[in-house]
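Notebook open, model loaded. I'm jotting down what I look up as I go, starting with a sheet.

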Amino acid sequence: CGMDVSAKGTLLAVGASSSTGSPALHMYSLQNHKWVEKNTISRENHSVITAVKCVSTRNAAVCAALFDAGSNSHDISYHDLTGKVTKEIHGAHSDYITCLGTANDNENWLLSGSRDKTVRVWDSRQKGGGGGGGGGNAAANKPAHELRHHTDTITGIGSYRDLIMISSLDGTMSLWDTRKLKNPIGTKDFGLPLLSVVATPHATAVVATTKSINLMTLHPLVV
């Protein structure tokens, strides 16, 4: 399950069930102030869609994370506006992919967070298996970066300029500079499991815990 709206507010992607009950990715466009369904991409019954994200790369509009019980694989698929699969990443994580994100300063990057406690950065310019076939080349299944810091499930990924914010059930949010991703440049302990993090256009972040919603400034990290 999951849903996301594009940055321009004209595309809505929803991971749910199709009319036949199988897992499906639904794509809607905004027309005359109403959401009109454009495409429904059904998946195999042994698959579960775990996260979706609208993107703006050259060959894709929506990315979906899914667990394929048949192959016991946690995968990511890229789709264009017609619903066609333009790229697939097989075995993207070793456990459920819980969230997807993008980087404000690099439209080619897709970030995936997982129950395996890591966030991985994927570059859409790497060629992979498209059209629903095969695993593509090995390089496409290797992340450009892997962010290791948290000790529990990753629950959210936010981005503002060259900053990436990551929330986790371990109760902390970590801040990363996209120009140097070896270690976080800052952390904030909320003392409660975090459910999500969202960046605003005003250099602030909204962080949800199991008991509260918090607004925090990103200054002086943002110049």
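**Entry 1: the 5-6-7-8 sheet.** I began with an open sheet of four strands, in the order 5-6-7-8 and with antiparallel pairing. Strand 5 (47-57) and strand 8 (85-93) are at its edges; each has a single partner strand, so one side of each lacks a neighbour in the sheet. On average, neighbouring strands here are turned by 20° against each other, direction ignored. For that angle, axes are lines fitted to C-alpha atoms (for helices, over the stretch in contact), and angles run from 0 to 180 degrees between N-to-C directions. Strands are DSSP runs of E with at least two residues, helices are runs of H or I with at least four, and both are numbered from the N terminus. Two strands count as paired if DSSP finds at least two bridges between them. I then checked strand 5 against strand 6 (residues 60-68): they run antiparallel and are joined by eight bridges. V48 has F67 in strand 6 as its bridge partner.

**Entry 2: ground rules.** This is a predicted model, so I note that local features need pLDDT of at least 70 and side-chain atom pairs count only at pLDDT 80 or more, while totals for chains, interfaces and linings use all residues. Residues are numbered from 1 along each chain as its sequence is written, and side-chain values use heavy atoms, with hydrogens and water left out.

**Entry 3: the whole protein.** I looked up the secondary structure and got zero helices and 19 strands. The C-alpha trace spans about 45 × 45 × 30 Å along its principal axes. How does the radius of gyration fit a compact globule? With 223 residues, such a globule would be near 17 Å, and the protein has 17 Å, which agrees. (The radius is taken over C-alpha atoms; the globule rule is 2.2 Å times the number of residues to the power 0.38.) Of the 223 residues, 50% count as buried. Buried means under 20% relative accessible area, exposed means over 50%, and partly exposed lies in between, with a 1.4 Å probe and protein chains only.

Entry 4: Strand 1 (residues 2-5) pairs with strand 2 in the antiparallel sense over four bridges. G2 has G15 in strand 2 as its bridge partner. The two strands form a hairpin with five residues between them, and G9 in the turn has a positive phi of about 75°. Strand 2 also runs antiparallel to strand 3 (residues 23-31), with seven bridges joining them; there A13 stands opposite M27. Why call strand 2 (residues 11-17) largely enclosed? Five of its seven residues are buried, so the rest of the structure largely encloses it.

**Entry 5: the 13-14-15-16 sheet.** Here I found another open sheet of four strands, ordered 13-14-15-16 with antiparallel pairing. Its edge strands are strand 13 (154-160) and strand 16 (186-189), each pairing on one side only. Neighbouring strands are turned by 15° on average, direction ignored. Strands 13 and 14 pair in the antiparallel sense over six bridges, and Y160 stands opposite L163 in strand 14.

**Entry 6: S167.** S167 lies in strand 14 (residues 163-168). Is S167 buried or exposed? S167 is buried, at a relative accessible area of 0%. Leaving out residues up to four places away in sequence, its contacts (heavy atoms within 4.5 Å) include T153, T172, L194 and V197.
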